[in-house]
Amino acid sequence: MYGVKYKYLFLMKKWGIFMSITFKGGIHPYEGKELSEDKETLEYLPKGDMVFPLSQHIGAPAKPLVKKGDRVLVGQLIAEAGGFVSANIHSSVSGTVKGIEARLTVSGSKMNSIIIENDGAYETVEYHTNDKPIEELTREEILDAIKAAGVVGMGGAGFPTHVKLSPKNADEIDTIIINASECEPYLTSDYRRLMDEADKVIEGLRIVLRLFPGAKGIIAVEDNKPKAIKLLREKLGGDTDIAVNSMKTKYPEGAERQLIYANTKRYINSKMLPADAGCIVHNVDTAYAICEAVREGKPLIDRLVTVTGDAIANPMNILVKIGTNCSELIEAAGGYRQEPEKIISGGPMMGKALYTTDVPITKGASALLCMTKDEVAECEPSACIRCGRCVSVCPGRVMPNKLARLAAANELDEFIACGGMECCECGCCSYVCPAKRHLTQTIAGMRKLVLSNKKK
Amino acid sequence: MENTLKISSSPHVRSKTSTSDIMFDVIIALIPATVVGLYNFGLHAALLVAVCILSCVGFEALYQKAMKKKVTVLDFSAAVTGLLLALNLPPELPVWMAILGSAFAIIVVKQLFGGLGQNFMNPALAARCFLLLSFTKYMTTFVYDGVTSATPLTVLKQGGSVELRDMFLGFIGGTIGETSAAALLLGAVYLMLRRVISPKIPLVYIGTFASAIAIYAAATGKAVVDFTLAQLCGGGLMLGAWFMATDYVTSPITSVGKIVYGVVLGLLTFVLRIFGASAEGVSYAIIISNLLVPLIEKATAPRPFGYGAELKGNKAEKKDKKAESKTEENSEATSGLKAPMDGKGIIKAIAAIFVITLVMGAALGIVYNVTKEPIADVNEKAKQEAYKEVFPDAAEVVPVTDEEIGGYDHLNEKFLHEQGYPNDTIDEVCFANDENGKTIGVIMTVTNSNGYGGDIQMVIGFSLAKEVDGKVQKRSITGLSFLSINETVGLGMQATGEDFTSQFKVPVCEEFTYTKLGKTNDTEIDALSGATITTSAVVDGVNAAMHIMSMIGGYK
C-alpha cells in the first residue's frame, strides 16, 4: 500500500484500530499545552526597531545588500545567501535602515544584524503568485521560489530548506514526513498552524512531494492533539499519497531519528542524514512557508511564536514579524502576572535561558517561556545512585550516567567509544535523574569539545 | 525593568522525584514486614531495629564529619541500610553486635569505597555475612514464641515437613524481617506502584529459583508444589529478592543485565541452599552476584540507537548481532564507536558468569557433601563411646521411639517446653539391654541451649530399679558425658571433668539444684567456680532428662 514497510499501520487501517506509534524510551513531563492551545492567534504589529541577525540559519551568514539610510519595503531582500548552504533574509517592515551592528541574539552571543526603523506603513513589494496545478510545477520553479523566499527549517534548527530538498540521492527518497508532533511542553504554535491553516500545510507537503515522484507523505501528530488529527484526516479524505500518523505523546517524540524510526522503522545514527534512510523531515511551519513561497511568492518574514508559561498573564500564540523585540511580545501577551525567575527561548527541555528579553525574534525562535520558578536552581546535584532511570529513558539508547562520568573525567576516547556522539542532547536524562545531576550539560560540553577537536 | 533572571543549561525542568523520596518509599515498603517482625518477636526486636537505624545514621554522620565531607544522612540511604540490616538479624541478637554490624556496613562497605553509589556489595547483607562469620552461634539462634527452635528451612533440610500457611503469613521463626512473605509482598507491590523498583530482577530470580527447586523436588521424590512453596516462603528469599537484589547500586543498570543477574541469583541460591552446609543461601548468593555485576553490565551494554545503520544503505534495518559484528571488524565507518560487545563476546562473557556461579556453588556443595559422611561417622563413633562411658554394663544400646516408651511424645520439642523446660530438647532415647536382651537402663541424649557458648549436648545414663542382694536399688544416674560443649576453656569446660560429672551419679531425684556454698545433700550440685551459666545449663538438662524418665512408668 505504501512504499513504507510498516505493518502496524497496515493492520491499523485494516482493522480500524486507533493505535499510536512510538520508539523506546522518552519521558512524560507536564505538558502545559492547555495554557495556550485554544486561544486565538494574535497578529502583532511591532512598535520598536526591527533587528535582523545575519545568521538565522545553519551555514554561512547572509551578506547584507543594504546600508545605513536605505529605504526598504516589506518583503524586500536585505541580505543574500552567503554560500551554498545559506539563506536569504527579507525585511518584515517598511522603513529606513539604521545601521548594521552587533546585537545580542537568543543564543546568547552577539551577531551582526541589520537594524531597521519601522515607519508603520507596511508598504510591500510585489509578490509573484503561482496558481499552476501541482503536476505542472517544475522542479526548478519550486526550488527557486523556496530559495528566493529564504525558507529555512522553522523547528529551530534553521537548515536552508532548498538545500534539504536537493539531496544527492534524490531518487531514493520515498517518504516525506511533516513533523507535527510538537513534543516540547508548552509549545502550541505548530498545533495552531494546523488548526488554522491546514490547507496550506497540506499544499506545502504536496509541493514537496512533487519534487520526489513516487514518494509518499506522512503527517506525524502526537495523540494529545486529537482535533488536529481529525481535521487533517477529513481534509485529506481518501488521499492515498498522504497519511496522518498518530504518535504516542511523549518527549522527544519529534526528535528526528526517533520520528523516522517510529514512522518507517528505519534507523539512522548521528553520522547519517534522514536522506540516507530515504526520508525528508520538515516542520509544520516550514511546510506552510513552502506553500506561501511557491504559491503566493511571499518570502519568510513572519512566524508563530508561543508566548506562555505561568508567569505570563495571557499565554497565547502570536503571529510575529521577524525581527520584533521579545519584550514587546511579552507586553502583547498581557505582561507578567508574576515576576519570572527564568525566561526560555524555546521549550523547557532544549530551549536556551535568556538573561534579558531585549533580543529579536528570528526565523528559528518558536517560543518564549516565562517560568515563575526555576526548577534547576531548586535542587543541588548529589551522588549518582545508579538507579538506571537515565538509561531507561534515553531515546538514543546510550548510558548517560556512564557518559557523564567519562566526560567529567575528560576521557575523550572512551566517551566516543561508549556512544557519546549519539547523544542528541534531548535532556531526558537530566529531567529524570533523582539525584538531580546535570547529565545533559556534562555530556553536551564534552560533545562540543569533541566536535571542535574534529574541526581542527 | 526586569528583576534578575536565572540562567542555566537545558533542560530547565526536572521530575519531582528525588533520591530521598526513593529511599523514603523503601522505608515505607518495609513497614509491613517490620510490624510483623515486632509482633512476632517483641521488644528486643524493636530495640534492634531502632539501634540499627540510629547507629547507621550516626556512623555515617560521624564519618562524613571526620572526613570533612558534606553530611548527607538526610537522603535516608543510611536509614534504609539500618532498617534492612535489622530485618536480617535474629531477634535475640545482642545489641552491641548489631551496632558493630552497622559500623561495618556503613563505614567499611559504603563510605570507605566512596559513599553513596559506590559500594561494591550490598552493605546490609555484607554486614550480615560479617556477623554470621564472626558470631555464628548468635546469628543462627532463632526463637519463636520465646522458644528456641529450628527455622522451617532447617526442618525441611533435615527431611521434616512444615506448615505452609504459617510460613506465608509469618508465624514462624527466622530473622526479624524475613518471616512473613505476605507482608514483604505487600511492600514490594507498593514499591512497584511507586515505580521505585521494576519487577524484572525479583521475578526472574524467584522464577529461576522456583524452577530449579521444582525440578530438584521432582527428581528426589518430594511433594513438588509444597516443597517449592515452602522454599519460596522460607528464609530470606522474599526479603532478598524484593529488597536486597533490587538495590540500585549493586544491581546491573542495563535491561538485559537485570535478567542475567536474576538468573545467576536464582541458580546460586538453589545450589547453596540444597547442596550447601547451611539451609540459607540467599545472603551469600546476593553478595557473590554483586561481585559479578560489573562484568554483567559490560556484557549487556545497550546498543546506541541506529548503531551500524550506515553500513546497510538507506533501507537500514536492525539485523541480528552476528552479521553486524562481522562488518564492524572490517570497516572504519563506525569511527571510534566501540561495539558494545558483539554477539560472540556477549555469549562468552555471560557463559563465564554462569560458569563462575556454578563452580563456586558446586565447590561449596561438594565440600559439604564429601565431608558430610565422615563427619557423621565421627559423630556416631563419639556417641557410641559416650554411651559406653555412661552405661558400661550395657551389652547393646537400642534407640526407641515414643510409642515404645508409652507414647508420651517426648521427642516432640513442644512437649518438653510445655512441661517447664523451654531450653531443653531430647534428641534421642535408648534402651540399654544386657546380654539376654533385658532392658536394664535408659540412655538419654539431651541438648540445652543456654550454655555460655551455645548448645550443650549431653548423654545421661539411667539405671532401672533392681534388686541387689535383697535390697531394692532405686533408679539412679549411671553417668554423664558430653557430645558437644563449647564453653570457656578452664572455666565452663571443667564440666567435662570427673569431679563435676561424678556429682550426678546418685539416685534420681525430683530436681537437682546448684549451689556455690558447698552442697549439703545429693540433690545439690557444687557449681563450677566462675562458670555458673554452664553449671545451670547442665543441671537444667539433667533435670529435663529426669523429668522424662519419671514419665516412663512401669520401670520404677
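In which helix of chain A do Asp196(A) and Arg192(A) both lie, and how many residues apart are they? Both residues belong to helix H4 of chain A (residues 189–211), where they are four residues apart, about one turn of the helix. Helices here are DSSP runs of H or I with at least four residues, and strands are runs of E with at least two, numbered from the N terminus.

The structure is a predicted model, in which local features need pLDDT of at least 70 and side-chain atom pairs count only at pLDDT 80 or more, while totals for chains, interfaces and linings use all residues. Residues are numbered from 1 along each chain as its sequence is written, chains are lettered from A and ligands numbered from 1 in the order in which they are written, and side-chain values use heavy atoms, with hydrogens and water left out.

Asp196(A) and Arg192(A) form a salt bridge, with the closest N and O atoms 3.2 Å apart. A salt bridge is a side-chain nitrogen of Lys or Arg within 4 Å of a carboxyl oxygen of Asp or Glu. Asp196(A) is partly exposed, at a relative accessible area of 43%, and Arg192(A) is buried, at 11%. Buried means under 20% relative accessible area, exposed over 50%, and partly exposed in between (1.4 Å probe, protein chains only). In chain B, Lys383(B) and Glu380(B) pair at 3.7 Å, N to O. These two residues lie three apart in helix H15 of chain B (residues 343–390), about one turn of the helix. Lys383(B) counts as buried at 17% relative accessibility, and Glu380(B) as partly exposed at 38%. Arg71(A), Asp119(A) and Glu123(A) are joined into one network by salt bridges that share partners. Over all chains the count is 30 salt bridges.

Two salt bridges are counted between chain B and chain A. Arg386(A) pairs with Glu297(B), the closest N and O atoms being 2.7 Å apart. Glu341(A) meets Lys6(B) at 3.6 Å, N to O. This pair runs from the loop between helix H8 (326–332) and strand S15 (342–345) of chain A to the segment before H1 of chain B. Glu341(A) is partly exposed at 25% relative accessibility, and Lys6(B) is partly exposed at 35%.

The contact between the chains (heavy atoms within 4.5 Å) takes 72 residues from chain A and 52 residues from chain B. About 5,200 Å² is buried between the two chains, 56% of it on carbon and sulfur atoms. Buried area is the accessible area (1.4 Å probe) that two parts lose on being put together, summed over both. His12(B), Arg14(B) and Phe305(B) supply 18% of the area that chain B buries against chain A, more than any other three residues.

The largest nonpolar core has 91 residues. Such a core is a set of buried Ala, Val, Leu, Ile, Met, Phe, Trp, Tyr and Cys residues joined through side-chain atoms within 4.5 Å. Residues with the most contacts inside this core include Leu30(B), Trp242(B) and Ile286(B). H1(B) gives the most to the core, with 13 residues. Leaving aside neighbours within four places in sequence, Trp242(B) is in contact with residues including Leu185(B), Met192(B) and Pro202(B). A second, separate core of 47 residues includes Ala87(A), Leu194(A), Leu232(A) and Ile290(A).
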